Amino acid sequence: MKTLYDKIWEHHLVAQEESGKPALLYVDLHLIHEITTPQAFAGLKEKNRAVRRPDLTVGTLDHSIPTKNIFERMRDRNAARQVKLFRENCREHKIKFFDLGAANQGIVHVFAPELGLSQPGMTIVCGDSHTSTHGAFGALAFGIGTSEVEQVLATQCLLQKKSKNFLIKIGGKMPFGVTAKDLILGVIQKIGTDGAAGCVVEYAGEAIENLSMEQRMTVCNMSIEAGARAGMIAPDATTFDYLKDKPFAPKNEIGDEAVEFWQTLPSDKNAIFDKSIEISAADFAPFVTWGTTPAMSVKITDCVPELSCAKDETERETWRRALEYMDLETGQKIENIRVDRVFIGSCTNGRIEDLREAAKILRGSKVNERISAMVVPGSQAVKTQAEAEGLAQIFVDAGCEWRGAGCSMCVGINEDVLQPFERCASTSNRNFEGRQGRQGRTHLVSPAMAAAAAIAGHFIDVRNWKIKE
C-alpha cells in the first residue's frame with residue numbers, strides 16, 4: 001500500500017538510495033527566475049555545459065522587479081543586473097521565459113499553475129522555497145538551492161533523500177469566515193515551524209476536499225513554514241476541471257489518458273504514514289500572527305499570549321524577543337493592534353479568488369486615512385482578469401494602490417519595502433524579522449482580514465463585517 005508521495009517518487013527514480021547515498025530523481029518541470037539562476041548559469045558556462053532539457057525549463061521575472069512604472073530604469077543596480085543576466089541566459093539557452101509586459105508574466109508559483117504547466121504526478125523544482133505550492137495538483141514540488149539549480153539545468157535530474165510521509169487530515173466543513181490561509185496558519189500554530197521537518201505532508205479530509213484549486217495552493221504554499229519538504233493534495237475532479245482548459249495541459253485523447261493515470265495517484269486506502277494528525281475544521285477561525293514566525297499566531301478574538309503559555313524556557317525567550325521586535329505586550333487584544341500598511345498579494349494570496357475576497361470587503365468603503373494599502377496581482381493574467389471584473393476599480397476607489405505583477409513586498413528585495421517600525425497586515429507567507437523591510441513588523445492574515453484592517457485601521461474580525469452590495 002503506497003502513499004501519493006511514494007508513487008510519484010517511485011515513478012521518477014533513476015537510481016535508488018544505497019549505502020547512505022541519495023537517490024537520483026528525474027525532474028519533469030524546472031521553473032526558474034532571476035534571483036537563483038545567475039550563479040547556476042555561470043557554472044554551466046565555466047564547465048562548457050548546455051541546458052539538458054530547455055523544453056522542460058520555464059522562466060519568469062518576479063522577485064526583484066518593480067511593480068510600479070515597470071518599464072522605467074530599475075533603481076537597484078543589483079536587481080537590474082539580475083534581470084539583464086536572466087534575459088541573456090534564457091535567450092542563449094533557448095529557454096521559454098516571460099519578460100516584463102508579457103501577458104503571462106508573474107510570480108513563478110502563480111503563472112505556472114494558471115498555464116497548466118503544473119500537473120498531477122509531476123516532479124517540479126524551482127530555486128524558491130515556496131515551490132511546495134504546486135503540490136496542490138498532486139505533484140511532488142519543492143524548492144532547491146542554486147547549486148541544485150545548476151544540477152537540474154545540466155542533467156534534468158536531482159540527488160535527493162526520501163522524506164517521511166506525514167498525513168494531516170482536516171475533517172468537517174470550514175466555518176463561516178475561515179479561509180485557506182487561516183487553515184494553514186492554524187496547522188502551523190498547532191504543529192510548530194519544525195512540526196513537519198523531514199516530511200512530505202499530504203493534506204486530506206472533507207475540509208481539504210472542498211477547497212478550490214487556488215485555495216489548495218495557499219495551503220500547500222505555506223507547508224514549508226511548518227518545516228515540510230513539500231505539501232501535497234491528492235488530485236481529484238476539482239483538479240481535473242481546473243486543468244482541462246489550460247494552455248499547457250494535455251488535450252483530447254492524450255488528456256483522457258492523462259486523467260486515467262492521474263486517478264491512480266491518490267494514496268491507497270490502507271497506505272501507511274510515518275506520522276499523522278487529525279484536526280476538526282471547527283477548531284479554525286480567522287488567524288493573525290503576533291510574533292516573528294508563522295507559528296506565533298492566535299485567533300482574531302484572542303490576545304497576545306502570556307509568556308507563561310510557552311512550552312519551555314527556550315520558547316519563552318523566543319517569545320520575549322518577538323514581542324520586543326513587534327512592540328507588543330502580552331494580554332494585548334489582537335483587535336486593538338493598529339496597522340500602518342496593508343499588502344495584498346504574493347504567491348500565497350495573489351490569485352484572482354484572493355482579490356475577489358478582498359474586493360468584497362473594500363467595495364464601497366475607504367481605506368483609513370492613516371493607512372497605505374497596496375494590491376499586487378500575482379500575475380499579469382490575474383491583473384487583466386481583475387481589471388475586466390471591475391475588482392481593480394474597487395481597489396482604486398477605496399484608496400489602494402493597484403500595481404503590476406510581481407513578488408513585491410512579500411520578499412523585501414525590490415522597491416516595495418516597509419520602512420523601519422512600520423506595522424503591516426500582509427497576505428504573504430513569512431513574518432521573520434526584516435522580511436518585508438529592515439525593522440518592519442509583519443502580521444500574516446488572509447486577504448479578507450487584510451482588507452478589513454485597511455478600512456478599520458486595526459485588526460478586526462471579518463466575520464462581523466457587513467458586506468456592501
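**Exercises on strands and helices**

Strand β16 (residues 372-375) pairs with β17 in the parallel sense, over 2 bridges. Here, two strands pair if DSSP finds at least two bridges between them. Strands (E, at least two residues) and helices (H or I, at least four residues) are DSSP runs, numbered from the N terminus.

The model is predicted: local features need pLDDT of at least 70, side-chain atom pairs count only at pLDDT 80 or more, and totals for chains, interfaces and linings use all residues. Residues are numbered from 1 along each chain as its sequence is written, and side-chain values use heavy atoms, with hydrogens and water left out.

**Exercise 1. The sheet that holds β17**

Task: Find the strand order of the open sheet that includes β17, and its pairing. Then trace the bridges of β18.

Solution: 
- Step 1. Write the order: 5 strands run β17-β16-β15-β18-β19, and the pairing is parallel.
- Step 2. Look at the edges. β17 (401-402) and β19 (441-444) each have a single partner strand, so one side of each has no neighbour in the sheet.
- Step 3. Methionine 374 has glutamate 401 of β17 as its bridge partner.
- Step 4. Go to β18 (residues 423-426). Strand β15 (residues 341-344) is joined to β18 by 3 bridges, and the two run parallel. Arginine 341 faces cysteine 424 in β18.
- Step 5. Turn to the other partner. β18 and β19 pair in the parallel sense over 4 bridges. Serine 426 has leucine 444 of β19 as its bridge partner.
- Step 6. Check the faces of β18. Arg423 and Ala425 lie on one side, Cys424 and Ser426 on the other, and all are buried. Buried means under 20% relative accessible area, exposed over 50%, and partly exposed in between (1.4 Å probe, protein chains only).

**Exercise 2. A sheet and its helices**

Solution: 
- Step 1. Read the sheet. It is open, with 4 strands in the order β11-β10-β9-β12 and parallel pairing.
- Step 2. Name the edges. β11 (230-233) and β12 (275-280) each have a single partner strand, so one side of each is without a neighbour in the sheet.
- Step 3. From one strand to the next, it averages 20°.
- Step 4. Count bridges. Strand β10 (residues 199-204) runs parallel to β11, joined by 4 bridges. Tyrosine 203 is opposite isoleucine 233 in β11.
- Step 5. Axes are lines fitted to C-alpha atoms, for helices over the stretch in contact, and angles run from 0 to 180 degrees between N-to-C directions.

**Exercise 3. Two helix pairs**

Task: How do α6 and α8 cross, and at what angle? Repeat for α13 and α16.

Solution: 
- Step 1. Two numbers describe packed helices: the angle between their axes and the distance between the axes.
- Step 2. The axes of α6 and α8 come within 8 Å and cross at roughly 25°. The two helices are therefore roughly parallel to each other. The cut-offs: under 35 degrees is roughly parallel, over 145 roughly antiparallel, 65 to 115 roughly perpendicular, and the rest oblique.
- Step 3. The crossing of α6 and α8 is right-handed. (A crossing is right-handed if the near helix is turned clockwise from the far one by less than a right angle, left-handed if anticlockwise.)
- Step 4. Ala180, Lys181 and Ile184 of α6 meet Gln215, Thr218 and Val219 of α8. Contact means heavy atoms within 4.5 Å.
- Step 5. Helix α13 (residues 352-362) packs against helix α16 (residues 447-456) at about 30°, with the axes 8 Å apart. That makes α13 roughly parallel to α16.
- Step 6. α13 passes α16 in a right-handed crossing. The contact uses Asp354, Glu357, Ala358, Ile361 and Leu362 of α13, and Pro447, Ala448, Ala451, Ala452 and Ile455 of α16.

**Exercise 4. One threonine**

Task: Is threonine 131 buried or exposed?

Solution: 
- Step 1. Locate threonine 131: the loop between β6 (123-126) and β7 (140-143).
- Step 2. Read the area. Threonine 131 has a relative accessible area of 0%, so it is buried.
- Step 3. List neighbours. Not counting residues up to four places away in sequence, threonine 131 touches His109, Ile124, Val125, Cys126, Ala141, Phe142 and Gly143.
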